[in-house]
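Try each one yourself, then read the solution.

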Amino acid sequence: AVIGNPPYVMLQSLETRESFNYALKKYVSAKYKIDTYQLFMELSINLLNSNGFLGYITPNTYLKNIHSEPLRKFLLDNTEIKGITLFQYSVFSGASVDVCISIFQKVNSVLLKNEISIFSSTIAFEIIHLRNINQSTFMKNNRLVFNVSVSEIEDEIIAKVKHLSNPLGVYCNAYFGIQTYDRKKYVSSEKNSANYKPIIDV
């Protein structure tokens, strides 16, 4: 088993280009924006024996981020996801990052009916079970997104909406905007001063 808290570092932020180029050649999960924690996830799974377990606390960005699609495919192809715990509060003081704990089991053949247990924690040391999700549902999602906040019934409704409508991208382009360093300090549901501007916060 491998248990840990890998480093969260964007390779683009490093001064050397060699590390970035090495990751692109060495890891299937490395694409465009490369975060070291994702490389650790891939390497750890490769180092596991068959049926071995990996438990990591990492940023939750790999669940949906467009650049994490290769990692999600790697996880779906090589592991059974046993559980994901979402933290709704700042786990690490001084770090502005939303994290989750993910448990994977390396397998030679992934069971299509593998059930993933989804948990949530809103305060320290209290965890509640939200739902179980069939791992195969992730394979049907656009870009293999790990949509852990949606139940199977809600997923069916979303599928019907998609079938009967056009995506926003048909009518316009959407871009990933600027991120603030400290959401609690700079993002508010109220206009605290004349400098505050309305945003679409998703």
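**Exercise 1.** Is Glu80 buried or exposed?

Solution. Before we start, this is a predicted model: local features need pLDDT of at least 70, side-chain atom pairs count only at pLDDT 80 or more, and totals for chains, interfaces and linings use all residues. Residues are numbered from 1 along each chain as its sequence is written, and side-chain values use heavy atoms, with hydrogens and water left out.

Step one is the scale: buried means under 20% relative accessible area, exposed over 50%, and partly exposed in between (1.4 Å probe, protein chains only). Step two is the value: Glu80 has a relative accessible area of 5%, so Glu80 is buried.

**Exercise 2.** Find the partner of Glu80 in a salt bridge, then track down the other salt bridges in the structure.

Solution. A salt bridge here is a side-chain nitrogen of Lys or Arg within 4 Å of a carboxyl oxygen of Asp or Glu. The structure holds three of them.

- Glu80 pairs with Lys82 at 3.0 Å, N to O. Lys82 is partly exposed at 29%.
- Asp77 pairs with Lys73, with the closest N and O atoms 2.7 Å apart. These two sit four residues apart in helix 3, so about one helical turn separates them. Helices (H or I, at least four residues) and strands (E, at least two) are DSSP runs, numbered from the N terminus. Asp77 is partly exposed at 44%, and Lys73 is partly exposed at 45%.
- Glu69 pairs with Arg143, the closest N and O atoms being 3.3 Å apart. This pair links distant parts of the chain, 74 residues apart: Glu69 is in helix 3, and Arg143 is in the loop between helix 4 and helix 5.

**Exercise 3.** Which residues of helix 3 are buried, and what covers them?

Solution. Start with the helix itself, residues 69-78: its buried residues are Leu71, Arg72, Phe74, Leu75 and Leu76. Now look around them: the cover includes helix 2, strand 3 (79-87), strand 4 (99-106) and helix 4.

**Exercise 4.** How many residues does the largest nonpolar core have?

Solution. A nonpolar core is a set of buried Ala, Val, Leu, Ile, Met, Phe, Trp, Tyr and Cys residues joined through side-chain atoms within 4.5 Å. The largest one has 24 residues, and Tyr62, Leu75, Ile84 and Phe146 have the most contacts inside it. Helix 3 gives the most to this core, with four residues. A second, separate core of seven residues includes Phe20, Ala30, Ile34 and Leu39.

Next, zoom in on Ile84. Contact means heavy atoms within 4.5 Å. Leaving aside neighbours within four places in sequence, Ile84 touches several residues, among them Tyr62, Cys100, Phe119 and Val148.
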